[in-house]
Amino acid sequence: MTTEPDDGVDLIIRQWARERPDLETTAMSVFGRIFRLSKLAGDRMEQAYAPYGIGRPEFDVLATLRRSGDPYQLSPGELAASMMLSTGGTTARLDRLERAGLIERLPSPNDRRSVLVRLTARGFDIIDQAVGAGLAQQQSMLAHLSPEKQRQLDALLREAFNQ
């Protein structure tokens with residue numbers, strides 16, 4: 001069994017052990033690393049998406065539309081629900097994406113008072129390139145783990161999430 005070098009979380013855990021030896025800090029250690037990894041991954045995703053002129057918020061909208069399947073359109077409410085956002089937060093994103101020519105708003109054929117949001121051809125191309133770039137970045141962050149360890153990590157995180 002190899003010993004991994006200490007990281008910033010180890011320092012925090014040692015400090016708590018010194019100051020409060022009565023605490024069991026495994027959960028703090030796990031979540032400290034999850035939070036730090038999330039920040040690192042978020043920063044790398046921003047870097048991966050930047051060449052396409054989008055950030056993570058715009059990526060979320062475009063990806064949601066893209067994975068919805070042909071005709072790559074949803075109502076603003078469906079988009080908001082899928083992204084766990086308020087409709088106000090969704091509207092601001094849609095306005096930016098529409099100005100950039102990546103989505104279009106169309107009248108709903110079923111209700112004159114509502115609209116549908118659809119990927120434009122340019123939006124489709126951008127999201128297909130950006131999702132590939134983001135996935136490559138994620139894969140590089142896990143490349144030091146064997147495929148078996150990656151599957152184990154995935155299963156453990158799923159199990160923790162489904163509590």
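Where is Thr120 found? Select Thr120 in your viewer and you will land in the loop between β3 and α6. Keep in mind throughout that this is a predicted model.

**Stop 1: Thr120**

Is Thr120 buried or exposed? Its relative accessible area is 16%, so Thr120 counts as buried, the cut-off for that label being under 20%. Now show what surrounds Thr120: setting aside neighbours within four places in sequence, you will find contacts with Gly101, Leu102, Ile103 and Glu104.

**Stop 2**

The largest nonpolar core is made of 22 residues, and the ones with the most contacts inside it are Ile54, Leu62, Leu65, Leu79 and Ile103. Colour the elements that each give two or more residues to this core: α2 (26-49), α3 (56-67), α4 (76-83), α5 (87-99), β3 (115-119) and α6 (121-142). With five residues, α3 gives the most.

Now pick Leu65 and look past its neighbours within four places in sequence. Leu65 is in contact with Tyr72, Gln73, Leu74, Leu79, Ile103, Val117, Arg118 and Leu119.

**Stop 3: α3 against α6**

Display α3 and α6 together. Their axes come within 10 Å and cross at roughly 105 degrees, so the two helices are roughly perpendicular to each other. To see the contact, show the side chains of Phe59, Leu62, Ala63 and Arg66 in α3, along with Phe124, Ile126, Ile127, Asp128, Ala130 and Val131 in α6. Sorted by class, the residues of this contact are eight nonpolar, no polar and two charged.

**Stop 4: α4 against α5**

The contact of α4 with α5 has five nonpolar, two polar and one charged residues. You have already met Leu79, one of the residues with the most contacts inside the core.

**Stop 5**

Which residues does a cis peptide bond join? Zoom in on Asp70 and Pro71, where that bond has an omega of about 15 degrees. Pro71 is in the loop between α3 and β1 (73-74). Tyr72 has its place in the loop between α3 and β1 as well, and its phi is near 60 degrees, a positive value in a residue other than glycine. Tyr72 is also among the contacts of Leu65.

**Stop 6: two positions along α2**

Select Gly42, which is found in helix α2. Its relative accessibility is 4%, so Gly42 counts as buried.

With a relative accessible area of 46%, Leu37 is partly exposed.

**Last stop: the annotated span**

Finally, zoom out and select residues 27-162, which an unreviewed UniProt entry annotates as "domain: HTH marR-type". The C-alpha atoms at the ends of this span lie 16 Å apart. By content, the span is 68% helix and 9% strand.

Technical notes. Residues numbered from 1 in each chain as written. Predicted model: local features only at pLDDT ≥ 70, side-chain atom pairs only at ≥ 80, totals over all residues. Heavy atoms only, no water. Core = buried A, V, L, I, M, F, W, Y, C linked by side-chain atoms within 4.5 Å. Buried < 20%, exposed > 50% of the residue type's maximum accessible area, 1.4 Å probe, protein only. Helix = DSSP H or I, 4+ residues; strand = E, 2+ residues; numbered from the N terminus. Contact = heavy atoms within 4.5 Å. UniProt positions renumbered as here; feature names shortened; annotations may be inferred. Nonpolar A, V, L, I, M, F, W, Y, C, P; charged D, E, K, R; others polar. Axes fitted to C-alpha atoms, helices over the stretch in contact; angles between N-to-C directions. Parallel < 35°, antiparallel > 145°, perpendicular 65-115°, else oblique.
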